[in-house]
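Here are my notes for you, written as numbered points. Keep the structure open while you read, and look up each residue as it comes along.

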Amino acid sequence: MFTLSKVSLDRLKGVHPKLIEIAQSALQISTYDFGIAWMGGLRTEEDQRKLMKTGASRTMKSKHMKQSDGYGHAFDVLPYLNNTPTVNASSDIYSSIVVSVAKCAQALNVKIKWGGCWACINTCRNVQDVKTLMESYNTLCMKNGKKPFVDMPHFELMP
Ligand SMILES: [Zn+2]
């Protein structure tokens with residue numbers, strides 16, 4: 001069983017308590033180890049501006065910034081493969097993490113949106129469910145002539 005490191009817990013400071021609970025409980029049932037990415041918790045406006053400049057983010061309305069309840073409403077995971085932080089993990093690995101997050105979100109009755117498909121993942125019970133959501137997102141983007149913005153490490157609270 002994996003647990004979040006002190007660094008990861010520090011990175012979650014200021015993030016909504018329900019999201020912290022979900023990240024922690026998802027990691028406990030996850031097949032793959034993961035932590036919280038740098039800038040993967042609460043961000044200031046300044047942080048967000050910097051990430052926009054590098055292309056790491058595309059919005060100044062990020063859920064990582066403080067929301068009206070005073071908390072950040074998003075976190076980014078960082079998979080550890082063979083104890084090595086691996087941002088570019090395969091979609092299989094991310095999908096497996098999504099299933100763990102979905103189970104915990106369901107148990108806590110909190111709706112979570114995932115950046116791999118920008119849709120609610122709560123009903124995902126296996127990796128195939130996650131891939132179906134990703135395919136639907138891609139199809140929708142193509143239909144609307146939009147380039148998909150796939151952000152697999154990203155999870156956010158739904159209103
Ligand atoms: Zn994010």
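1. Let's start at a pairing you can find by eye. Isoleucine 112 has leucine 157 of strand 6 as its bridge partner. Strand 4 and strand 6 run antiparallel and are joined by three bridges. Strands pair here if DSSP finds at least two bridges between them. Strand 6 also has a link to strand 2: three bridges again, and again antiparallel. There, histidine 154 of strand 6 is the bridge partner of aspartate 76.

2. A word on what you are looking at. This is a predicted model, where local features need pLDDT of at least 70, side-chain atom pairs count only at pLDDT 80 or more, and totals for chains, interfaces and linings use all residues. Residue numbers start from 1 along each chain, following its sequence as written.

3. Now the overall plan. The chain has five helices and six strands, and from the N terminus they come in the order α-α-β-α-β-β-α-β-β-α-β. Helices (H or I, at least four residues) and strands (E, at least two) are DSSP runs, numbered from the N terminus.

4. How does the chain's radius of gyration fit a compact globule? For 159 residues such a globule would have a value near 15 Å, and the chain has 15 Å, so the two agree. (The radius is taken over C-alpha atoms, and the globule rule is 2.2 Å times the number of residues to the power 0.38.) Along the principal axes, the C-alpha atoms fill a box of roughly 40 × 35 × 30 Å.

5. On burial: 35% of the 159 residues count as buried. A residue is buried if 20 or more other C-beta atoms lie within 10 Å of its own, exposed if 12 or fewer, and partly exposed in between, with C-beta atoms placed from the backbone. Back to strand 6, which is covered on both faces: His154 and Glu156 are buried on one side, and Phe155 and Leu157 on the other.

6. Which residues have the most contacts inside the largest nonpolar core? They are Ile22, Ala23, Phe75, Val98, Val101, Ile112 and Ile121, in a core of 33 residues. Two or more residues each come from helix 2 (17-29), strand 1 (33-36), strand 2 (74-81), helix 4, strand 4 (112-114), helix 5 and strand 6 (154-157). Helix 4 gives the most, with eight residues. A nonpolar core means a set of buried Ala, Val, Leu, Ile, Met, Phe, Trp, Tyr and Cys residues joined through C-beta atoms within 7 Å.

7. Leaving out neighbours within four places in sequence, alanine 23 is in contact with Leu4, Leu12, Ile36 and Phe75. Two residues are in contact if their C-beta atoms, placed from the backbone, lie within 7 Å.

8. Val130, Leu133 and Met134 are buried in helix 5. They cover an arc of only 100° around the axis, which puts them on the same side of helix 5. Turned away from that side are the exposed residues Gln128, Glu135, Ser136, Thr139, Met142 and Lys143. Helix 4 (91-107) and strand 5 (119-120) are among what covers the buried residues.

9. Last, two loop residues for you to check. Methionine 39, in the loop between strand 1 and helix 3 (45-54), has a positive phi near 70° without being a glycine. Is methionine 39 partly exposed or buried? Partly exposed, because it has 16 C-beta neighbours inside 10 Å. Asparagine 82, between strand 2 and strand 3 (84-85), also has a positive phi, near 50°. With 6 C-beta neighbours inside 10 Å, asparagine 82 counts as exposed.

Key:
Arc of directions from axis to C-beta.
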